[in-house]
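Please read the notes below with the sequence and the model open side by side.

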Amino acid sequence: MTSTLSGTHAGRRERLAALLPAREAGAILVTRAVNVRYLTGLSSSNAAVLVRADATAVLATDSRYAETARALCGGVEVVEERDVAGALVTRASGIAVEAHHLPVAEYFRLAGKRGGEPLRLTGLVESVRRVKDEAELGLIRTACALGDQAFADVLPALRPGLTEREVARALEVRMLELGAEKPAFDTIVASGPNGSIPHHSPTDRPLERGDLVTMDFGALYAGYHADMTRTVAIGEPAAWQRELYDLVRAAQRAGRRAVRPGAAAHEVDAAARDVIAGAGHGEHFGHGLGHGIGLEIHEEPFLSPATPETGRGHGRLDDRVPVTVEPGVYLPGRGGVRIEDTLVTREDGPELLTRTTKELLVL
């Protein structure tokens, strides 16, 4: 229900408020739940916050959360109201809204409540969230450590006959035992030919000797996500499997080295993608290299080829931005390899948060 970062929210609202004059906005109405949490500390299924250009703020929520909001959200006026957006939309002039989140019908309803004054369209909070403060990075670091430890603890139990579902369950249970709130996302375990499917859902297929097994998992800790992928071999791998693994490992190393402040998102992607394409497997790496991570498992920035239609692959990395680097090669009908780490851009080189070995482990 609550955030552990109560001392930082006023500063976040100030950073957001400083962006409003350039948009000719007097305030921004934030309705996306994850953004409300980021700005106030309140985790709720029904809340909105109005942040004015002078950084004053009003938080609206209903009776289920009002007492928590008053206790938790210092420096913020709290309004108890079921219609949270409607309660705030008339409290400032020149209001901007989260156009990427607000349904069209809701936009027109709120515009109507303002008596004709148009609402400005913007999506600013995510741009503020890209750069993490050290408290946030500490929570992500802890979440990553839980995943690392769970992997190390489960690894000795992997053997032929264990099913993909059983492996996924073992990883998730161990993360919970170590202190995670829950898995950061649905765990992926893909064995043998299923490894050619990047987001394969675990099945009752048993692990077999000669399989490569890809495990993509992470812990959620205090609202912050971790993400890592490791591929292991059950029994001695074939020559093609070792070659594929070595290729992905080289690409992943190149991608990690490219993560630095000032680097263009598409250039980081290219650093790894060019290694794979140069080995003749460009068509077998179809997804982006990585993504930002924090209060959401996938958030800005997105490391991918530049795509004007979605905006992904554009922009440059700043200092203190956590991202994943996760190249993969997927051979239909045969299997695949993916290696993924979470790391943070730093002026003196990327900080690696998922530390378990990237060597091919043969079990």
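1. Basis. The model is predicted, so local features need pLDDT of at least 70 and side-chain atom pairs count only at pLDDT 80 or more, while totals for chains, interfaces and linings use all residues. Residues are numbered from 1 along each chain as its sequence is written, and side-chain values use heavy atoms, with hydrogens and water left out.

2. Overall dimensions. The protein has 10 helices and 19 strands; these are DSSP runs numbered from the N terminus, with helices being H or I of at least four residues and strands E of at least two. For 363 residues a compact globule would have a radius of gyration near 21 Å, and the 22 Å of the protein agrees with that. The radius is taken over C-alpha atoms, and the globule rule is 2.2 Å times the number of residues to the power 0.38. The C-alpha trace spans about 70 × 40 × 40 Å along its principal axes.

3. Burial and surface. Of the 363 residues, 56% count as buried. Buried means under 20% relative accessible area, exposed means over 50%, and partly exposed lies in between (1.4 Å probe, protein chains only). The accessible surface comes to about 14800 Å², and 50% of this belongs to carbon and sulfur atoms. These areas come from the Shrake-Rupley method with a 1.4 Å probe; for residues, only the protein chains shown count as cover.

4. Contacts along the chain. Among contacts between residues at least 6 apart in sequence, 65% join residues at least 24 apart. A contact here means heavy atoms within 4.5 Å.

5. Main core. The largest nonpolar core has 36 residues, and Leu16, Ile28, Val30, Leu39, Val49, Val51 and Leu59 touch the most other members. H1, S1, H2 (33-40), S2 (47-52), S3, H3, H6 (125-129) and H7 (134-154) each supply at least two of its residues. The largest share, five residues, comes from H7. Apart from this core lies another, of 28 residues, among them Ala263, Ile276, Leu317 and Val325. A nonpolar core is a set of buried Ala, Val, Leu, Ile, Met, Phe, Trp, Tyr and Cys residues joined through side-chain atoms within 4.5 Å.

6. Val51. Not counting residues up to four places away in sequence, Val51 touches Arg13, Leu16, Ala17, Leu20, Ala27, Ile28, Leu39, Thr56 and Ala57.

7. A parallel pair. Strands S3 (residues 57-61) and S4 (residues 77-80) run parallel and are joined by four bridges. From S3 the chain crosses through helix H3 (residues 66-72) to S4, in a β-α-β crossover that is right-handed. Two strands pair if DSSP finds at least two bridges between them. Right-handed means that, with the strands pointing away from the viewer, the path from the first strand over the helix to the second runs clockwise. Val58 stands opposite Glu77 in S4.

8. An antiparallel pair. Four bridges also join S8 (residues 188-191) to S9 (residues 212-217), and these strands run antiparallel. The bridge partner of Ile188 in S9 is Asp216. In a regular strand the side chains alternate between the two faces of the sheet. Both faces of S8 are covered: Ile188 and Ala190 on one side, and Val189 and Ser191 on the other, are all buried.

9. Backbone exceptions. Most residues other than glycine have a negative phi, and most peptide bonds are trans. Glu24 is not a glycine but has a positive phi of about 55°; Glu24 lies in the loop between H1 (9-17) and S1 (27-30) and is exposed at 62% relative accessible area. Arg320 also has a positive phi, near 70°, and sits in the loop between S14 and S15 (322-325). A cis peptide bond, with omega about 0°, joins Glu300 and Pro301, and Pro301 lies in S14 (residues 299-303).

10. Two loop residues. Gly262, in the loop between H9 (239-258) and H10 (265-278), is partly exposed at 37% relative accessible area. Gly262 touches Arg316 and Leu317, not counting residues up to four places away in sequence. His287 is found in the loop between H10 and S13 (290-292) and is partly exposed at 23%. With the same exclusion of residues up to four places away in sequence, His287 touches Pro198, Arg273, Glu326, Gly328, Tyr330 and Arg338.
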